[in-house]
Amino acid sequence: MIDTLRAPGMIATAGMSAQSERLLAISQNIANVQSVGKTPGADPYSRKTVSFKSEVDNLSGLTMVKVAEYGTDRSPFRVELDPGSPAADQNGYVKMPNVNLLVEMADMREANRVYQANLQVFRQARELVSMTIDLMRT
Amino acid sequence: MSDIQIFGIASQQARWLSERQTVIASNLANASTPGYKAKDVVPFSSVLNGVQSGLSTTNSRHMNVNGSAGGVDSAGNARTATRTDPHGKTSHSGNSVSVEHELVKGSQVAGAYSLNTNIVKAFHRMLLMSVRS
């Protein structure tokens, strides 16, 4: 069993890296909001999703978090009329990625908030350690 | 020295507080895990009651009150059972972690820990005062 004063820091680190994975997926989605296919009628970029699961770390017995799977959103693509595009089909319609910027922004806010919460736990755990060390000072 | 229990109780509370901080860290790390239920440790008062009643049992027919909830194991470590946090409101994904609630609990832990270490510091100073000429 690991020292319980060090454990919160480790768990918060796992939480922060999980949230940064999520932020990575969000940034990919936002960057590819206009990425269409190359050939007529081809599928465009499809939205990436990240899901988490809680996992007990075998070494320390702590409940950590890790990325369960990277998936792709299977919701239908938007269709736009743009006959000049190389990805347009014979009727002139282009399939656009199923990325909704508002959803991505909301997701980013939430990832940000959870990251900050984990950072706060890390800070507080460090404070507890330093308070204990201060006991040696008289 | 056996009259001075304050150090024992204080270190036990410090252990309980760091255990609680670990549970809070787990909850916040899993703040966006589907189906995760927020946890909390049993209150310190029940851990402390477990200690005292464990010492005062003199007959085998006495009721064993330091049973399941908290108490001390054979090594003298505060055994902190975790339970599902009753405050949590379950969201659509089955997650019951409230980030604000966990942060409030975290600052409570930091405050209590600061009180704890300051008390220990004060008592340590008193002891030093009595041994110094």
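## Basis of the model

A polar contact is a pair of N or O atoms within 3.5 Å, where within protein one atom must be able to donate a hydrogen and the other to accept it, and residues adjacent in sequence count only if both atoms are side-chain atoms. Between chain A and chain B, eight residue pairs are in polar contact, both residues being at pLDDT 80 or more.

This is a predicted model, in which local features need pLDDT of at least 70 and side-chain atom pairs count only at pLDDT 80 or more, while totals for chains, interfaces and linings use all residues. Residues are numbered from 1 along each chain as its sequence is written, chains are lettered from A and ligands numbered from 1 in the order in which they are written, and side-chain values use heavy atoms, with hydrogens and water left out.

## Confidence

The pLDDT, the predictor's confidence in each residue from 0 to 100, has a mean of 91 in chain A, where 99% of the residues reach 70 or more.

Chain B averages 77, with 68% of its residues scoring at least 70; helix 2 of chain B has the lowest mean, 65, and helix 3 (residues 99-131) of chain B the highest, 92. The pLDDT is below 50 over residues 53-57 of chain B, a stretch with five contacts (heavy atoms within 4.5 Å) beyond near neighbours in sequence. Residues 65-79 of chain B also stay under 50, and for them the model has 25 contacts beyond four places in sequence. Where pLDDT is low, the predicted coordinates should not be read in detail. For the complex, the predictor gives an ipTM of 0.77 and a pTM of 0.77.

## The interface between chains A and B

In the model, 31 residues of chain A are in contact with 29 residues of chain B. The area buried between the two chains (accessible area, 1.4 Å probe, lost on putting them together and summed over both) is about 2400 Å², of which carbon and sulfur atoms give 66%. On the side of chain A, A:Gln124, A:Leu128 and A:Leu135 lose the most area to chain B, together 21% of what that side buries.

One salt bridge (a side-chain nitrogen of Lys or Arg within 4 Å of a carboxyl oxygen of Asp or Glu) is counted between the chains; it joins the side chains of A:Arg113 and B:Glu100, at 2.7 Å from N to O. Helix 1, strand 1 (48-56), strand 2 (63-72) and helix 2 (101-134) of chain A each supply at least two residues of the side that touches chain B, and the largest share, 13 residues, comes from helix 2 of chain A.

## Links within the chains

Over all chains the structure holds 11 salt bridges, among them that of A:Lys95 with A:Asp43, whose closest N and O atoms are 2.9 Å apart. This pair links distant parts of the chain, with A:Lys95 in strand 4 (residues 93-96) of chain A and A:Asp43 in the loop between helix 1 and strand 1 of chain A, 52 residues apart.

How values were computed:
Helix = DSSP H or I, 4+ residues; strand = E, 2+ residues; numbered from the N terminus.
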